[in-house]
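Work through the exercises below with the structure in view. Try each task before reading its solution.

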Amino acid sequence: MLIKQGEGIITLFEKIDDISEMKALANELLVPMFVDFAIYDAEGKLEVFGVNKRSIPEERVQQVLKGGVYREDGSDPNKPIVGLPFQKDNKHYALFVYVSDSEIKNDAYQVILLGFLSVLISGSILILIVSRFIVKPLTKMSQVTQELAKGNFDIHLNWKRKDEIGVLARNFDIMAEDLKKLEQMRRNFISDVSHEIQSPLTSIRGFSRALKEKDLPSAERLEFLQIIESESERLSRLSGHLLQLASLESDQHPFEPKSFSVDEQIRAIILKLQPEWSKKDIQFTLDLPKTYIVADKDLLHQVWQNIIYNSIKYNKDGGTIGIRLTKKARIIIVEVEDTGIGIAEEHLRNIFERFYKSEQSRSKKNGSGVGLAIVKKILELHHGNIYVRSKLGEGTKFIITLPLRKQTKR
């Protein structure tokens, strides 16, 4: 029974680093139960836990420190003693457990008492371990959860435990960080939408008031009406883009892959945009071999139109746009390269984010900053990707990859 108690004490000692805390626990649990114990370190230093100190020969201490188990009935059979070896932090220790009450004389009574004490001590140690290493962390997590529910995402557990609770705590910190980023994205989205909507509304409101002037010349009145129409169309495009982006990010957007000639689709879009590139005297160089792909034709139409339109819009007068299509084993690669104003390097990583607009390069009043976000999402639905290379003042190159075979939506 003393060996069982000793094993429980070793488990407790391995969990608690503070000797003073260990002694306080011993005084509370062991002394009233007539059990004391002593711990020797490798140098022979003694720590007594309880009231009574038992005299243990040096050779017995060394025997246990070397890994042996010591059992002694002693001259008094009512006072047995056991010695158990253990290690902590790569250091060797010897634990000796013994009965401390000198008044216990009856063998039968002692057996019953020690049995009761063994169960009580083991249970107390187990409760302490559970309370210290399971209940308290879970209570802390519960408090942190309440803070997260209040919107306080700047909170972390930062535990270094290596057990399951430690893994749970690290996952909890990751979740809190993700929630913080999500909340920041939500706030940024609301701010960006508000800004994009407020600008045309301000123009519409201002010019509508100006139209109330009775003496306003007809030419200015017509100009103001054209501005109001233009800003209204801008609002309509923005709302349409937002609705489409929300639909693409859900599982409800129609996705209908079929086989079609992607080179013909690109040529048709270039022809459709002729009024735009003709007035800027832009020349196209095309390398579009016959290529069939299985994809959603309508969605890819938006990809090519957005990319080519941007290359026209941000190109220089008299510039060029090169479009090359390459077919490989399982993918196609479409490269669209212009000689336009380019994009600064620090902005390249953000251009596919919704509402992002470079202040130095591709930002225009009539742009919403949503087009490239839609392009990227459409390509993700096709298991494709898009990359960009650019240098400010020297042009931009978009590289799009798409699988040839039919793909599922997700």
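**Exercise 1.** Describe how helix H9 packs against helix H11.

Solution. Step 1: H9 covers residues 297–313 and H11 covers residues 371–381; helices here are DSSP runs (H or I, at least four residues), numbered from the N terminus. Step 2: their axes lie 9 Å apart, at an angle of about 140 degrees. Axes are lines fitted to C-alpha atoms over the stretch in contact, and angles run from 0 to 180 degrees between N-to-C directions. Step 3: H9 is therefore oblique to H11, since angles under 35 degrees count as roughly parallel, over 145 as roughly antiparallel, 65 to 115 as roughly perpendicular and the rest as oblique.

The model is predicted: local features need pLDDT of at least 70, side-chain atom pairs count only at pLDDT 80 or more, and totals for chains, interfaces and linings use all residues. Residues are numbered from 1 along each chain as its sequence is written, and side-chain values use heavy atoms, with hydrogens and water left out.

**Exercise 2.** Is Asp263 buried or exposed?

Solution. Step 1: locate Asp263 in helix H7, residues 262–272. Step 2: its relative accessible area is 3%, so Asp263 is buried (under 20%; exposed is over 50%, partly exposed in between; 1.4 Å probe, protein chains only). Step 3: leaving out residues up to four places away in sequence, Asp263 touches Leu288, Pro289, Lys290, Thr291 and Leu325.

**Exercise 3.** Which residues does Phe284 contact, leaving aside neighbours within four places in sequence?

Solution. The contacts of Phe284 are Ile270, Trp277, Ile308, Ile312, Ile321 and Ile323.

Methods
Helices (H or I, at least four residues) and strands (E, at least two) are DSSP runs, numbered from the N terminus. Contact means heavy atoms within 4.5 Å.
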